[in-house]
Amino acid sequence: MAQSVSAFQAAYITIEVLIALVSVPGNVLVIWAVKKNQALQDATFSFIVSLAVADVAVGTLVIPLAIVINVGPRMEFYTCLSVACPVLILTESSILALLAIAVDRYLRVKIPLRYKSVVTPKRAAVAIACCWIVSLLVGLTPMFGWNNLNKIRRTQEANASHTAFIIRCQFENVISMEYMVYFNFFVWVLPPLLLMLIIYLEVFNLIRKQLDKKVSSSSSDPQKYYGKELKIAKSLALVLFLFALSWIPLHTLNCITLFCSSCQTPSILTYIAIFLTHGNSAMNPIVYAFRIKKFRTTFLQIWHQYICCETDKNANNLDNNELGAWPLQRAGTIPDMPFLDLKSPFNVQRANLASPLPHAHNCK
């Protein structure tokens, strides 16, 4: 028999769908921007792509499964467990991607001259693969036995056979709170967040020291480099802060549930905490657009060229600071041409005549 949906559940489903409709296009745009703009194709932005992939999966997989769990259909225990585990995998993947980004920013300011030889594309790819493997192991731990199956058996006074239990599928019915608090939160969420806090504090400290050294220096290049690193570090630290702000409330409620069995948590607080965790997947593209100029520029180019179906006539006039310290031919604006000094009006005219942007696709 089909299960009826209450008005409250309908409101919950509506909000979840709206979050997904913002999260998925926004993070697809992040991935598209990195693919389109060569200036965004370094280790840091590879980790950002990994984070965006996890956020896309939240919108396309986790939110639909969360809606199923909220409705609470009756199903076999391990089927319900497989519905609940993806959110654990993707949460851990996001945390490890944020940790990798923090370590990358630290290396950028600690060893700027050796950074490119240490953080190679191959090593970055290996790091991303390791993050996802660890995330799978952590998130699938309940499938390996750390779950509520034995508790349900004792409750139903069943024997120790492998009988398939039909239960109402809800997260707390299948996922052990001991796993969520002692293993997931105390081992794989809280320590990485604290470590990232320490790393970013050290990054800001190193940058400030370098900027103070160069204030009286006649060379402006190091100061410009560290100034740019400071701005990007602040933006990525904001991403970390929003992640912690979104996830700590739900883990706090889990701790209350485990350590205070007599405490009754208002359901509205639980729903707000869930909305925060899912809504976090939609926040990062907004932060990138407002805080990181490389992303903002590429987002606008994609919007004009592919969404509005018009050629961005100003794209060729971007100066080097717009796309970072990359030659313009690496940024895809002047293909197959030597680097031109855009301070010269003559060279600007040559660049515009010789290499217009590819024409936008016809929109019918």
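One cavity of 30 Å³ or more turns up in this predicted model, and the space inside the largest cavity comes to about 100 Å³. Its lining involves 13 residues, and V58, T91, S94, W247 and T277 are the closest to its centre.

**The cavity lining**
- Four helices each supply at least two residues of the lining of the largest cavity: α2 (43-71), α3 (77-110), α10 (221-259) and α11 (267-291).
- By residue class, the lining of the largest cavity divides into six nonpolar residues, six polar ones and one charged one.

**N70 in helix α2**
- Helix α2, which contributes to the lining of the largest cavity, is also where N70 sits.
- N70 counts as buried because its relative accessibility is 11%, and the cut-off for buried is under 20%.
- Setting aside neighbours within four places in sequence, the contacts of N70 are with Q9, Y12 and Y271.

**Confidence along the chain**
- The average pLDDT of the chain is 84, and 80% of the residues score at least 70.
- Residues 316-360 are a stretch to treat separately, with pLDDT below 50.

How values were computed:
Residues numbered from 1 in each chain as written. Predicted model: local features only at pLDDT ≥ 70, side-chain atom pairs only at ≥ 80, totals over all residues. Heavy atoms only, no water. pLDDT = per-residue confidence, 0-100. Contact = heavy atoms within 4.5 Å. 1 Å grid on protein atoms, 1.4 Å probe; cavity = no way out; pocket = protein on both sides within 12 Å on 5 of 7 lines; lining within 4 Å. Points joined across faces, edges and corners; volume = space filled by probe spheres on them. Nonpolar A, V, L, I, M, F, W, Y, C, P; charged D, E, K, R; others polar. Buried < 20%, exposed > 50% of the residue type's maximum accessible area, 1.4 Å probe, protein only.
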